[in-house]
Amino acid sequence: MKHNRTRAADSRALFYKASTAVGLALFVAGAAHAQNQTTEDGGNSDKGQVVVVTGIRKSLQDSIATKKKSDEIVEAISSEDIGKLPDASIAESLARLPGLAGQRVNGRVQAINIRGLSGDFATTLLNGRQQVSTGDNRAAEFDQYPAELIGSVTVYKTPNPSLIGQGLSGTADLHTVHPLDYNHRIVSLNVRGSINSNGKLNAGTKDTGNRYSFAYIDQFFDKKLGVAIGYSHLDDPSQTRHYKSWWWDKQGSLFGAGHADALGLQGAEVEDTSRSQIRDGVMAVVEFHPTDNFRSVNDIYSSTFHQKETTRGLMWYQSQYADSISFTNPTFATWGGTEINTSATVNGVTPILRNDYNTRKDKMFSIGSNNTYLLGDWRLVGDAGYSEATRKEVLMEQYAGTAPIRTFDSIGYQLQQNGPTLFSPQTDYADVTQVELGDPAPWGGWGHDGLIHAPEIKDTITSATLSGDREWRFGPFSHVNLGVNFSRREKSHSSEDINLMLKNNRAPVFVDPSIVVNPVDLSWAGITNGTLSYDPVKALNMYYDQVPINNEDQWNKAWDVTEKLVTTYLKMDIDTSLGGIPLSGNAGLQYIDENQHSRGYVTQAGSNGQAELAPFDNGAHYHDVLPMLNLVAKFSGDQYLRIGASRTIARPRLEDLRANVSAGVDITKFTWSGSGGNPNLKPWRAFAMDISYEKYLTKDSYFALAVFHKKLDTYIYTQTDQNFDFTGYPNLSGATPTSNIGTMSRPENGTGGKLQGIELSGTAQGGDLVSWLDGFGFSGSYARSWTDIHPNGPSDPTRLPGFSGTVTNATLFYEKHGFSARISERWRSAFRGETEQLWGTRQYSEIQPDKQIDAQISYDMPDDSALRGLTFLVEAYNLANSPYETRTGTETSNGAFLPETYDTYGSTIIFGVNYKFQ
């Protein structure tokens with residue numbers, strides 16, 4: 001096995017070297033061509049030659065044009081060509097924009113943070129309509145959107161009065177194509193294959209994938225009818241090596257004299273996870289423009305995402321409170337001013353072997369119709385849309401241990417500050433004769449031999465907008481737009497939890513060899529023999545009884561939230577001058593009438609272990625007035641100064657709005673107490689000020705400097721109210737309280753704070769500097785932010801979720817004569833991110849600085865070739881195999897957090913061809 005791993009590693013190293021050599025060759029070839037060939041601005045070109053700009057430069061030109069002509073401060077993405085946006089999802093593309101940062105989930109970018117704020121503060125639109133989410137709250141999971149089906153994205157950093165459903169930090173508006181914007185038929189085909197450098201970590205999984213897409217755009221009836229159809233398929237298996245330190249604490253006298261204050265590892269887990277990830281997306285647009293007075297654009301978007309996940313490995317407690325453990329030959333070092341136990345052999349532990357199998361199926365569907373009618377001086381617009389998302393998960397884990405159950409082992413370990421701890425157990429956990437199914441956990445076990453957790457989510461949004469606009473010359477104003485939007489959102493969450501109990505009164509049992517597969521390879525963590533691996537789906541029916549849990553926790557996760565919003569807006573465009581300086585922009589406001597309602601349960605623990613519950617609902621009604629101003633001053637030399645001032649909101653997290661409460665009357669003290677959600681929460685509200693200076697050098701070169709300031713009136717965090725009125729809450733205890741006033745712990749609107757920052761961004765073309773650099777280019781950004789917001793209250797030093805003090809992006813590219821090569825790096829400093837933990841619960845982790853390097857090389861066949869329209873490409877994602885690292889809440893003397901999670905996902909190499917004919 002070791003020999004095969006070495007050969008695989010050597011092959012991958014050879015491939016990387018070859019890819020690097022190809023990349024260098026392309027750059028050298030490009031430099032040579034750049035010195036001798038024609039240039040776009042004349043140079044040595046023949047007179048009258050028409051140069052058509054495509055690829056990276058075309059994408060940059062379109063994005064810069066969007067930024068330049070906007071009245072707001074925006075960032076933009078434009079696909080390089082139909083079906084050629086290089087990323088697997090729109091998330092990777094968004095993560096490279098100035099001031100935006102991506103958060104990796106299972107190795108791929110899923111969440112996007114805008115200007116230091118988590119996805120809770122942003123809104124995602126598709127063709128101007130708010131989108132649902134397959135996540136637990138509002139934040140979009142951007143990996144649901146195939147890059148091939150998105151024509152462009154505009155990220156609004158300052159609000160537009162006519163844009164409905166805007167976020168507090170920003171708004172990402174995704175756009176599909178308009179087929180009548182093209183003057184000819186386009187058909188595009190893309191096919192790609194991929195391989196992951198981690199290999200096949202679990203038996204029965206794969207490390208190769210594929211991706212293909214199809215796009216068709218056409219016009220009919222003298223360009224009165226346009227049709228666009230797109231389909232994208234992604235089969236992207238991932239392989240994760242996962243290590244986690246559970247927590248750190250002192251071990252009393254177990255480390256020996258003089259080391260009573262040393263912090264030691266209290267438990268660990270070492271696992272390999274293999275995921276099958278298949279996504280299918282479909283987009284269709286029908287545009288009808290029969291007369292000059294009428295236009296109708298109708299779009300449909302649908303995607304399904306299937307994930308199957310196999311996890312195998314082992315975990316154990318090594319705390320003085322868990323078993324009668326002891327340590328042999330402990331060594332120590334000082335980390336951050338604190339003494340840490342760095343190596344030893346721990347005796348008397350009982351590892352728990354895991355064979356887990358999880359499935360998840362997400363579905364998203366959106367349909368919309370936008371109809372414009374010209375009536376005299378008025379342009380009337382009617383827009384309607386519906387968006388729906390569902391998520392169904394089944395998370396299953398099964399336990400095993402050394403036979404007979406709770407046989408102790410001795411495990412040597414060597415800690416690393418950066419990387420997984422290396423372990424050396426004495427027992428061969430891959431031996432089917434030494435391991436049996438059962439519950440080997442300490443403290444008498446966990447009370448079950450496995451678990452199934454099955455959460456479900458459904459999210460729907462229905463919206464309709466009526467608006468009218470016309471030219472209106474009054475003072476500095478040139479145009480007026482007014483309208484009203486009606487929207488209804490309903491999101492429900494439920495969960496079914498099941499205990500797995502071994503048959504025959506939970507008697508431990510050996511695994512039948514017929515369902516055993518090759519041991520999982522954990523040699524990267526020092527466990528050379530791996531662990532016993534078997535098919536958990538087959539084992540489920542062979543060995544386990546399923547017993548529903550029905551406890552408080554399960555019913556507290558069953559909720560439904562409904563929101564009805566009526567947004568009325570007024571927008572006036574500005575077209576004037578000040579001191580001879582042209583001044584444009586817009587001013588206006590939104591009035592939002594907000595009605596929210598939640599249904600759930602009041603629960604308390606019953607005497608038989610089953611939850612006692614009663615239905616409960618509650619809600620609130622309020623309104624917000626949001627004034628907005630955007631000014632753009634245009635100076636000579638293609639210089640722009642933009643100023644934005646606005647009042648913005650972000651609606652509360654949906655799970656915080658749940659009506660669920662665990663509450664009751666103490667039968668000895670006769671007092672009320674409880675904890676849960678808060679259906680009466682009001683939004684996060686903020687005042688925002690933005691200034692941006694932009695200098696446009698050419699169509700595809702610019703420089704920008706922006707500063708921003710946001711003042712949040714409140715921040716929502718859990719607070720305890722000692723004088724909460726429980727009047728109207730069901731009393732399930734049967735005891736009569738002395739008063740309805742008691743103690744409640746739930747999310748409340750609390751103290752806010754400030755967030756400010758600076759952003760530098762730009763794009764430069766080498767040919768604008770010296771002729772021999774023609775074809776080379778650079779695009780990058782740097783963002784630095786500061787905040788005094790304390791998300792858990794003024795006295796808690798916890799960092800703001802999603803906030804990275806520094807975010808950088810850089811792309812170096814060459815494109816000329818059909819050759820295209822680029823390498824990109826994005827980096828964000830450490831941040832506190834929301835992650836999925838045990839049983840799908842959402843918790844925050846201290847995520848370490850994250851870096852990802854991607855590269856792409858392609859060649860377009862010449863126009864005079866028989867293979868015209870064909871493009872060959874090689875791509876690499878996570879080229880440096882950057883780890884995903886988190887830290888625990890345990891601090892050293894200098895305030896640094898101790899290691900927690902260390903995951904590696906491997907690099908993914910993609911080979912592909914694109915073909916476009918028209």
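Me: How many salt bridges does the count come to?
Reply: This is a predicted model. A salt bridge needs a side-chain nitrogen of Lys or Arg within 4 Å of a carboxyl oxygen of Asp or Glu. By this rule the count comes to 58.

Me: Which strands hold Glu694 and Arg642?
Reply: The side chains of Glu694 and Arg642 meet in a salt bridge, at 2.9 Å from N to O. Both residues, Glu694 and Arg642, are buried. The pair links distant parts of the chain, 52 residues apart. Glu694 is in strand E35 (residues 684–698), and Arg642 is in strand E32 (residues 639–650).

Me: Does Arg473 count as buried or exposed?
Reply: Arg473 meets Glu471 in a salt bridge of 3.6 Å, N to O. Exposed means over 50% relative accessible area. Arg473 has 55% relative accessibility, so Arg473 counts as exposed.

Me: What kind of aromatic pair do Trp316 and Phe423 form?
Reply: The structure holds 26 aromatic pairs. In the pair of Trp316 and Phe423, the centres are 4.8 Å apart and the planes are at 85 degrees. Planes over 60 degrees apart count as edge-to-face. The pair of Trp316 and Phe423 is therefore edge-to-face.

Me: Why is the pair of Phe724 and Tyr729 edge-to-face, and which aromatic cluster holds these two residues?
Reply: The ring centres of Phe724 and Tyr729 are 5.8 Å apart and their planes are at 75 degrees, so the pair is edge-to-face. Both Phe724 and Tyr729 are buried. The one aromatic cluster with these two is formed by Phe616, Trp672, Phe724, Phe726 and Tyr729.

Me: Which backbone oxygens lie 3.2 Å and 3.3 Å from the side chain of Ser598?
Reply: Ser598 lies in strand E30 (residues 581–605). Ser598 is buried, with a relative accessible area of 1%. Among the residues that Ser598 touches are Asp560, Phe616 and Leu657. The oxygen at 3.2 Å belongs to Asp560, and the oxygen at 3.3 Å belongs to Leu657.

Conventions
Residues are numbered from 1 along each chain as its sequence is written. This is a predicted model: local features need pLDDT of at least 70, side-chain atom pairs count only at pLDDT 80 or more; totals for chains, interfaces and linings use all residues. Side-chain values use heavy atoms; hydrogens and water are left out. Rings of Phe, Tyr and Trp (its six-membered ring) pair if their centres lie within 6.5 Å; planes under 30 degrees apart count as stacked, over 60 as edge-to-face and the rest as tilted. Buried means under 20% relative accessible area, exposed over 50%, partly exposed in between (1.4 Å probe, protein chains only). Helices (H or I, at least four residues) and strands (E, at least two) are DSSP runs, numbered from the N terminus. A polar contact is a pair of N or O atoms within 3.5 Å; within protein, one must be able to donate a hydrogen and the other to accept it, and residues adjacent in sequence count only if both atoms are side-chain atoms. Contact means heavy atoms within 4.5 Å. Lists of a residue's contacts leave out its neighbours within four places in sequence.
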